[in-house]
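Subject: Structure handover

Hello,

The structure we discussed is below, with the sequence. My notes on what was found in it follow.

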Amino acid sequence: MSPDWLRIKDTDCGNADTRAFRMNLEPAEYSGMGRKAQDGSRGAPRRVLPPALGLLLPMALLNALLYLCLAWVFIAPTPSAPASTHCPRGHFRMGQMKNCSPWLSCEELRTEVRPLKRVGEGAVKRVFLSEWKERKVALSRLTSLEMKDDFLHGLQMLKGLQSKHVVTLLGYCEDDNTVLTEYHPLGSLSNLEATLNLSKYQNVNTWQRRLQMAVDYVSIIHYLHHSPLGTRVMCDSSDLPKTLSQYLLTSNFSLVVNDLDALPLVNRSSRTLVKCGHRELHGDFVAPEQLWPYGEDTPFDDDLMPSYDEKIDIWKIPDISSFLLGHVEGSDMVRFHLFDIHKACKSQTPAERPTAQDILDTYKKVLNLLRDTVMSQTREML
């Protein structure tokens, strides 16, 4: 019992007998206790909590909150589509759809899809932002009959390669030369810098998110090299802008490949290699084996041009990744850690280049390493 509580005036609480009764004590016992308490209270100083100590608890709570926030930024994985979005072959599901739906038929495409405006055009097809059952979709139409073989090849690739790495096919009509796919409003990867420079996306314009996009890109290349349709080579990649236009940026800043019109097959068992197009290629972006090997004095002849394999995709990975990393704070640190694997990608000898799996493993290792390093430094600061 506190001594201060026992210092009670007689005028406040009555005589000693009354106070003793309230405490269930004999009057004599109470009188003696009161005197001892008063004597003790004169010698014992009152305990006062130091002001600095009172600040420790809110500071600890603030640090804990800051740590949790930083952990979410640096460790939380990029959101991805749940496994339940997988549909049987010939079916699709997108957005908030609960059930898988069969690919739309010619009749459904003609009657249920309403084109709104043209949003893109290439050598093979025109793309229109369209509407289907109040959902935004992308309707592709063949530009000219001369490109029909490429158009149909792209359709067959879309049908056979449906996965999280490839844009979702919603329907097609070969009679009308139309293909319907999921619409991604952020557009092609070519728009990445302009998109991330928008104020509403500043929070995702970090080296962590950019490196995750590079992981997505290499994952797509790995998937194409080990696809259900065999080893496929991304031939529509003669320069950086052309390559970027083949990929779409999703709303959660992951990547999907969109344009599959030029995916020739490498078949080593039959010694079948590929050639990307029938014209001479130039520049440092394409792999050395894609360049005319017989010098300027010998005119280019497609029949004499040697063929090659999927290692041409490996040569281009460092350039695509450098674009994806951009020039945000921390991107040079990432480049430093990827220097060795990127140097190996640029080997003049295709067989000496790493596989897409090797590069993917390295990218993931660097991503986890740097995240752990940042979190360790953050804990030390706190």
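In this predicted model, helix H9 (residues 207-225) packs with helix H11 (residues 311-325) at an angle of about 160°, and their axes are 9 Å apart. Angles over 145 degrees count as roughly antiparallel, so H9 is roughly antiparallel to H11. The handedness of the H9 and H11 crossing is right-handed.

The residues that make up this contact are as follows.
- From H9: Arg 210, Leu 211, Met 213, Ala 214, Tyr 217, Val 218, Ile 221 and His 225.
- From H11: Asp 313, Ile 314, Ile 317, Ile 320, Ser 321, Phe 323, Leu 324 and Leu 325.

By class, the H9 contact with H11 consists of 12 nonpolar, two polar and two charged residues.

Thr 195 sits in helix H8 (residues 192-196). Its relative accessible area is 8%, and buried means under 20%, so Thr 195 is buried. Leaving aside residues up to four places away in sequence, Thr 195 touches Leu 186, Tyr 201 and Phe 253.

For the protein overall:
- The protein has 14 helices and 11 strands.
- It has 382 residues, and 42% of them count as buried.
- Among contacts with a separation of 6 or more, 62% are between residues 24 or more positions apart.
- The accessible surface is about 22100 Å², with 55% of it belonging to carbon and sulfur atoms.

Regards

Key
Residues numbered from 1 in each chain as written. Predicted model: local features only at pLDDT ≥ 70, side-chain atom pairs only at ≥ 80, totals over all residues. Heavy atoms only, no water. Helix = DSSP H or I, 4+ residues; strand = E, 2+ residues; numbered from the N terminus. Buried < 20%, exposed > 50% of the residue type's maximum accessible area, 1.4 Å probe, protein only. Contact = heavy atoms within 4.5 Å. Areas by Shrake-Rupley, 256 points an atom, 1.4 Å probe, with all protein chains shown as cover. Axes fitted to C-alpha atoms, helices over the stretch in contact; angles between N-to-C directions. Parallel < 35°, antiparallel > 145°, perpendicular 65-115°, else oblique. Left-handed = near helix turned anticlockwise from the far one by under 90°. Nonpolar A, V, L, I, M, F, W, Y, C, P; charged D, E, K, R; others polar.
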